[in-house]
Every structure is written in C-alpha cells, then in structure tokens.
Amino acid sequence: MTGAAAPVGATEPAVAAQVAEPAAALIAPAATLLAPVALALALDLAAAEPPHRVHPVALFGTLVGRFDREWGRPRLVGVAVAAGLPLAAAALCGGVVWLAAAHGPRPGGVPVAAVAAAAGVCFSVASLRMLLDVTGEVVAETETDPDAARESVRALVGRDPADLSPAALRSAAVESAAENLADGFVAPLVWFAAGATGAVAVAAVGGSPGAGTTGVTATVAGSAATVESALAAGVAAAAWVKAVNTLDSMLGYRSKPVGWASARLDDAAMFLPARVAACCLAVAARSPGSLRRARSLAREPASPNSGWPMATAAAALGVRLEKPGAYVLDGGPEAPSPAAARDAVRLVGVAGGVTVAAAAAWVLALAGVVAWS
C-alpha cells in the first residue's frame, strides 16, 4: 500500500500519508494521546493549579458540599452520590473532548481542539507541583518557624497539628506527600491509560468504526475514530477517579454515614494506583528492596491503599513515619530529619517523573496498536 493516496471523502486531506509508511501511521495517534499528558504536565510545572474560582475540582467540591449534612437514609443517599456524581463528571469531561474531536479542526489528522480540551482536564485533575511546593514549604518552616509549619501542614493533612513537634510535622508532611502522589497524580494517569486502553479493546472487539468504507479510507477513518474514542474515554476515566477521590476526601469519614459508599468506592478505585505509586517510588529511589519491605508495613494503616506509597517512602528513605494513635511505619529508627524530609520531596518529584514516563510508554504502545491494527 506504499505510495497509495487516500480517496477523497470520509478521510481528511493529508491523513492518507499516515498509511503510506508504518512509522508515519503512528504520528497522529501518538500525538493525539500523548500531547494532552505532555501539555498538562507543562501547565502543572508552570502554573501549579488553575485559579481556585474556576478550578473544576473546586467547583465539584462545592457540589459535593451540598450533600455533607444529615440525611434520613444516609447510606442510600451516599450510594446515589457515589454512583452518580463521578459518572456525571466523567460524562461531562469525556463528552466535551468527544464533541471537540467530532467538530474541531484536525491538521495532520490530529484533533487539536480535543487535545486542548483533554489537556485542560488532565491539568485540572492531576497535580504534582503544588504538592511538592507545599511539602517543601512545611519542611523548611520546621527549621525556622514551627508555628508557621503547623499552619502550612493543614493543607496536607487532616490531623490536628497544634501539638506536633517539628519532627512529627516533617513525618506528617512526608506521609502526605507519598499518599497524595498516589491520589492526586498517579491515579489520574493510571485511569487515563486504563480508559484509553478499554476504548481500544472495545473497538477491536466490536470492529472498526469505519464500516462501509474500504481500503485506505477504512483504515484511516477507523484508526482516527478509535484513537479519538480512546482519548475521550481516557479523559472520562481520569475525571471519574478524581471525582471519586474528592468525594472520599470530603465525605469518607466514620462520622459521616453518607460517605460510606464513597469511601468504599475510593478503596476500589485506588487499589492499582496506590501500588503503582509504590513501584514508582521504589524505582525513583533505585531501591527494589524498599518495595519488598513495604509489603508488611503497608498493612499498618487502616486504609487498604495509602500504606503502600507511605511505607515504600519510609523504607526508601530509612525513616520512621508515624501518625500517633493510628500507625507506625518503621522504615528506620527515627522520624525524618530536615535533610531526609528534603530528600522525600525530591523522591516524590522523581517518582512523578517515573509515572509520566511509564504512562507515556503505555500510551505510545497503545497508539501503535491503533495505528497498525
């Protein structure tokens, strides 16, 4: 098929060149799926967070807040909230990307409006720089102004920091940095990859969407439709898990019966991301042994998931992380020193980079499957 030109009609101009050579066929699918992640990461590094007044997660949190009250049948309401609100967020975000792909321009076969919309969603739901900045600020303040550190750490932890010593403040900051790496950064990327993979699998089972066309036209039309569906599904899945995590962080407490379903759903949604985050921390620390040690330590916290990244960080850094009255993670004999806590901030940052590299490799492979199927 080398050198063949695509018939005029269902395909866009210049897209036929993608099937002229195998390498060229990969360009548009790879750009469509990889560019949103790259753009979101660039925005995160440059701006950290969207403005609070227009932050989609903050707006979602305002909606969740309306359900944070007493109910006559809290479990029933909680199930409806846990099922409905994340699906609504996923449908909205995925739908915007799908519409942008259907109606926006596509130079070189890349749906640029859909890519921009997807990047905006990914930037909103996946955050790393803010976590690193706040954690680094708390660590620095424990040496110079412990009272300021007690105020700053409130952005990271739910416990009362009033009586925490500087060492305990550093422990809390390191624990939260590791846990929030999983919740706030790894989970959206893992679910983005999972959603995109699911869409490609569905397309493979159900047949290419280019039915009714033949030859190059069918190949290009089917490939484009599949990759756009994968992009929309990936964005929807990332938005879904962020909504689930937000529900859990706001409602998932024993004192709030309405949050029981949200907490259980978050446990299920975070099962894989928490363990991926632990693996990425071990890779970032160049310490496979820290992951082996984390297997026993991870059982200490009540959560089935949060112990994995926290225990791996404790073992990799050789420090003791403790939440008084809740758990002790004996990765070492002492709480983090200022130097060890700074190392923790760097470790979480590198682990975030490992996560991005792994997600990019998976998505690139997925683009290859779409291009050459």
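Modeller: The protein chain of this predicted model is built with 14 helices and two strands. Among contacts with a separation of 6 or more, 71% join residues 24 or more positions apart. The chain exposes about 16700 Å², and carbon and sulfur atoms supply 64% of that area.

The unreviewed UniProt entry annotates residues 76-100, 112-132 and 347-372 as "transmembrane region". In the model, residues 76-100 are 100% helix, with end C-alpha atoms 36 Å apart. Residues 347-372 are likewise 100% helix, and their end C-alpha atoms lie 37 Å apart.

Most residues other than glycine have a negative phi. A48, however, has a positive phi, near 70°. This residue is found in the loop between α2 (27-47) and α3 (56-65). Its relative accessibility is 6%, so A48 counts as buried, the cut-off being under 20%.

R286 also is not a glycine and has a positive phi, of about 55°. Its place is the loop between α11 (271-284) and α12 (288-297). Here the relative accessible area is 79%, and R286 is therefore exposed, since that class begins over 50%. In summary, both A48 and R286 have a positive phi, but A48 is buried whereas R286 is exposed.

Technical notes:
Residues are numbered from 1 along each chain as its sequence is written. This is a predicted model: local features need pLDDT of at least 70, side-chain atom pairs count only at pLDDT 80 or more; totals for chains, interfaces and linings use all residues. Side-chain values use heavy atoms; hydrogens and water are left out. Helices (H or I, at least four residues) and strands (E, at least two) are DSSP runs, numbered from the N terminus. Contact means heavy atoms within 4.5 Å. Accessible areas come from the Shrake-Rupley method with a 1.4 Å probe; for residues, only the protein chains shown count as cover. UniProt positions are given in the numbering used here, feature names are shortened, and annotations may be inferred rather than shown by experiment. Buried means under 20% relative accessible area, exposed over 50%, partly exposed in between (1.4 Å probe, protein chains only).
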